[in-house]
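Let's take a walk through a protein together. Keep the sequence and the 3D view side by side, and look up each residue as we get to it.

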Amino acid sequence: MMMQLPVTDIAPLIPQKQPFVLISELLYADEQLTRTSFTIPKGHVMVTNGQLTEGGLLENIAQTAAASAGFIAINSGRAVQEGYIAAAKNFEVFSLPKVGDTLITEVTMLESLGGMNIISGRVTKGEELLAQCELRIMLKEETAG
């Protein structure tokens, strides 16, 4: 089954489940670039004092990378592979978004080495850059079963 963009049912693409999902829609995905949107809901577990936390911004970037990998895997007839953040480099937060804000997150694949993906991520609200970083994402070994 081929998935078409945009994808609004994120659940099959990422290992995270509610209430820890931090993307609303997969807008674009190919081998190099991924773009997602996320409208911050009231009461989200990563919201404190009406603002998405720094950890929420970092996880939003990681989930954008996961959604891309999941989308490509499903459209290639492969299983969705889980991964985890092995390292975050140069994580900068310039501003925390508020409940109701819609974020656009772009992830660019820098390098893929064996079971490690190195990505660059940027979170924006309109023209404003909110956060950016480089992530090393370790992919879990697929187990035979």
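Two strands count as paired if DSSP finds at least two bridges between them. The strands themselves (E, at least two residues) and the helices (H or I, at least four) are DSSP runs, numbered from the N terminus. Before we use those terms, a word on where the values come from. This is a predicted model, where local features need pLDDT of at least 70 and side-chain atom pairs count only at pLDDT 80 or more, while totals for chains, interfaces and linings use all residues. Residues are numbered from 1 along each chain as its sequence is written, and side-chain values use heavy atoms, with hydrogens and water left out.

Let's start with the strands. Find β7 and β8: they run antiparallel and are joined by 10 bridges. To see one of these bridges, go to N117, whose partner in β8 is I137. β7 and β8 also form a hairpin with 2 residues between them. Have a look at G126 in that turn, which has a positive phi of about 65°. β8 pairs with β5 too, again in the antiparallel sense, over 8 bridges. Here Y84 has M138 as its bridge partner in β8.

Now for some empty space. Rolling a probe the size of a water molecule over the atoms shows where empty space is left. Lining residues have an atom within 4 Å of a point. Grid points are joined across faces, edges and corners, and a volume is the space filled by probe spheres set on the points.

With that in hand, the largest pocket comes out at about 590 Å³. It is lined by 32 residues, and the closest to its centre are A65, A66, A69, N117 and L139. Which elements give two or more residues to this lining? They are β2 (33–39), α1 (54–75), β5 (83–93), β6 (102–113), β7 (116–125) and β8 (128–139). The helix α1 gives the most, with 9 residues. By class, the lining has 17 nonpolar, 9 polar and 6 charged residues. For that count, Ala, Val, Leu, Ile, Met, Phe, Trp, Tyr, Cys and Pro are nonpolar, Asp, Glu, Lys and Arg are charged, and the others, Gly among them, are polar.

T105 is in strand β6, and T34 is in strand β2. Are they buried or exposed? Buried means under 20% relative accessible area, exposed over 50%, and partly exposed in between (1.4 Å probe, protein chains only). T105 counts as buried because its relative accessibility is 0%, and T34 is buried as well, with a relative accessible area of 3%.

Both threonines make polar contacts through their side chains. A polar contact is a pair of N or O atoms within 3.5 Å; within protein, one must be able to donate a hydrogen and the other to accept it, and residues adjacent in sequence count only if both atoms are side-chain atoms. T105 joins N60 at 2.4 Å, and T34 joins S68 at 2.8 Å. If we leave out residues up to four places away in sequence, T105 touches several others, including T34, I61 and R122. Touching, or contact, means heavy atoms within 4.5 Å.

Now go back to the segment before β1 (25–29), where you'll find L13. L13 counts as buried because its relative accessibility is 0%. Among the residues that L13 touches are L26, A66 and F71.

Most residues other than glycine have a negative phi, and most peptide bonds are trans. Yet the peptide bond from L5 to P6 is cis, with omega near -5°, and the bond from Q18 to P19 is also cis, with omega near 10°. N49, in the loop between β3 (47–48) and β4 (51–52), has a positive phi of about 50° although it is not a glycine. N49 is exposed, with a relative accessible area of 76%. N90, in strand β5, has a positive phi of about 55°, and at 55% relative accessibility N90 counts as exposed.

Notes. On a 1 Å grid over the protein atoms alone, a cavity is a set of points where a 1.4 Å probe fits but cannot get out, and a pocket is an open set with protein on both sides within 12 Å along at least five of seven lines; lining residues have an atom within 4 Å of a point.
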